[in-house]
Amino acid sequence: GFSESVIQDIIDSYLVLPNRITIPLVGDVELAQLRYPMPKGVLRIHFLEAQDLEGKDQFLGGLIKAKSDPYGVLQIGTQVFQSRTIKGNLHPKWNQVFEALVYEFSGQYLEIELFDEDPDKDDFLGSLMMDLSQLHREQKVDEWFDLEEAPTGKLHLKLEWLSLLSTPDKMDQVLRSVRADRSLANEGLSSALLMVYLDSAKNLPSSPSDFSHDASKQVSVFKTIKCGKKGSSEPSPFVRFSVGTKTQDSKVRFRTREPMWEEAFSFLVHNPRRQELELEVRDDKQKCTMGNLTVALHGLLEEEDMTHRQTFSLRNSGPGSSITLRLALRVLSLEKQDSSDQPSGVQVRKTSAPQPAPTSSDSPLAPPTPPPPAPPPPLSALRPASASSSSTSSTLVLQRGDGEPYSLIPGRRASSSLSCHL
């Protein structure tokens, strides 16, 4: 029920990767590196098509051949994706792409379940479970897989392991591979990963008098008065980050002008040469803006290890208002370009395989085989996790029949120095 879902979300926010509980044992290791580690890679999942799925929807008592309305649910750790539904088709073609961060590939699995969408309860059509360590070893897989826990059906997937590079040497090559070098669009296959470590803010405004003279001109009188209508009240700030259409919020720090967050955020970026990180500090109590900042991502390409830490002055804020960030950019590189005609070594885990019997004579009996999994709630009912604990993922619907991404047009190139708009 709903209560079980809430409890599961709370547990996931602490114990499911990439979330972790950090206990530092040595003093020489930077705590941020332990608490917010860099992912091991990105798995790009081309969710292509299925064949010979089981027909669940009966018509005229079975006189007409049964059909299904199939869709897929994919999960890696706390990251969950849902495909679109193909109506009345036992051989659906989705041609969608999902990109998921992978923090540990050992002991982690890509889980896929297919369902028949119905008005009341969705029917189970089969599943797959793949070891991420095998996908990491193969680097690139393009195969048909037989569905488990189903009498019939197979699924066509193309899986690509993307390594994270801390140098910009292959940036142009990657941009060409995702066709971002000729596009003005900010959406498409990702070429880079942006990691944002939010540290703290200082001297945030709490009343109209705290805003600088220039900020008072740019911020509307209504917002300024609203933000400081209770002069003695401390603000409750949080930060909203945006890259393109993707937005994440930090946690709220209550009643303070100098909040400490120590949170991490990740964004999959289509073209870092052109895109920007937009930041807005907001007061959760008064529902107003306390300052903002825009950072051009192309400057990170010139930094050592494409990493930069800085205390930035906030725009449209107080004269001494600032925020401290650590930004890291990583290029997504597909090391294995060619696909082999031979079957890969990736094996589907048998989810319904019997468990081995206990060796000890006094061991308890093995539990009964669990029933088939229940279908997940629709995406509209999924509650997003807090920005500090969730992993960024990217979803793209391929528009062309040959599986290529968006058609692209020439774009401009930006200069290569880290800058922010103040």
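Biologist: What should I keep in mind about the model before we start?
Modeller: The model is predicted, so local features need pLDDT of at least 70 and side-chain atom pairs count only at pLDDT 80 or more, while totals for chains, interfaces and linings use all residues. Residues are numbered from 1 along each chain as its sequence is written, and side-chain values use heavy atoms, with hydrogens and water left out.

Biologist: Happy with that. In what order do the four strands of the open sheet stand?
Modeller: Strands here are DSSP runs of E with at least two residues, helices are runs of H or I with at least four, and both are numbered from the N terminus. Two strands pair if DSSP finds at least two bridges between them. In this open sheet the pairing is antiparallel, and the order is β5-β4-β7-β8.

Biologist: Why is one side of β5 and of β8 left without a neighbour in the sheet?
Modeller: β5 covers 79–82 and β8 covers 123–131. Both stand at the edges, so the reason is that each has a single partner strand.

Biologist: By how many degrees are neighbouring strands of this sheet turned against each other on average?
Modeller: The axes are lines fitted to C-alpha atoms, for helices over the stretch in contact, and angles run from 0 to 180 degrees between N-to-C directions. For this sheet the direction is ignored, and the average is 15 degrees.

Biologist: Let's look at β4. Which residue of β7 stands opposite Val73?
Modeller: β4 (residues 70–76) and β7 (residues 109–116) pair in the antiparallel sense over six bridges. One of the partners there is Leu114, which faces Gly72. On the β5 side, Val73 stands opposite Gln82, whereas in β7 the residue opposite Val73 is Glu113.

Biologist: Which residue in the turn of the β4 and β5 hairpin has a positive phi?
Modeller: β4 and β5 pair in the antiparallel sense over four bridges. Their hairpin leaves two residues between the strands, and the one with a positive phi, of about 60 degrees, is Gly77.

Biologist: And how many residues lie between β7 and β8 in their hairpin?
Modeller: These two strands, β7 and β8, pair in the antiparallel sense over eight bridges. The number of residues between β7 and β8 is six.

Biologist: On to charges: how many salt bridges does the count come to?
Modeller: A salt bridge is a side-chain nitrogen of Lys or Arg within 4 Å of a carboxyl oxygen of Asp or Glu. Arg44, Glu99 and Glu160 are linked in a network of such bridges. By this rule the count comes to 13.

Biologist: How many residues apart in sequence are the parts that Glu104 and Lys40 tie together?
Modeller: Glu104 forms a salt bridge with Lys40, with the closest N and O atoms 3.2 Å apart. Glu104 sits in the loop between β6 (93–102) and β7, and Lys40 in the loop between α2 (31–35) and β1 (41–51), so the pair joins parts whose separation in residues is 64.

Biologist: Which residues touch the most other members of the largest nonpolar core?
Modeller: A nonpolar core is a set of buried Ala, Val, Leu, Ile, Met, Phe, Trp, Tyr and Cys residues joined through side-chain atoms within 4.5 Å. Among the elements giving two or more residues to the largest one are α4 (171–177), β11 (192–202) and β12 (237–243). Of its 38 residues, the answer is Leu194, Phe241, Leu279, Ile323 and Leu325.

Biologist: Which residues does Asn271 touch, not counting residues up to four places away in sequence?
Modeller: Asn271 is found in the loop between β14 (260–269) and β15 (276–283), and at 4% relative accessibility Asn271 counts as buried. With contact meaning heavy atoms within 4.5 Å, Asn271 touches Leu175, Ala180 and Ser191.

Biologist: Last one: what distance separates the C-alpha atoms of Gln96 and Ser83?
Modeller: Gln96 lies in strand β6 and is buried, with a relative accessible area of 4%. Gln96 and Ser83 are 13 residues apart along the chain, and their C-alpha atoms are separated by 7.2 Å.

Methods: Buried < 20%, exposed > 50% of the residue type's maximum accessible area, 1.4 Å probe, protein only.
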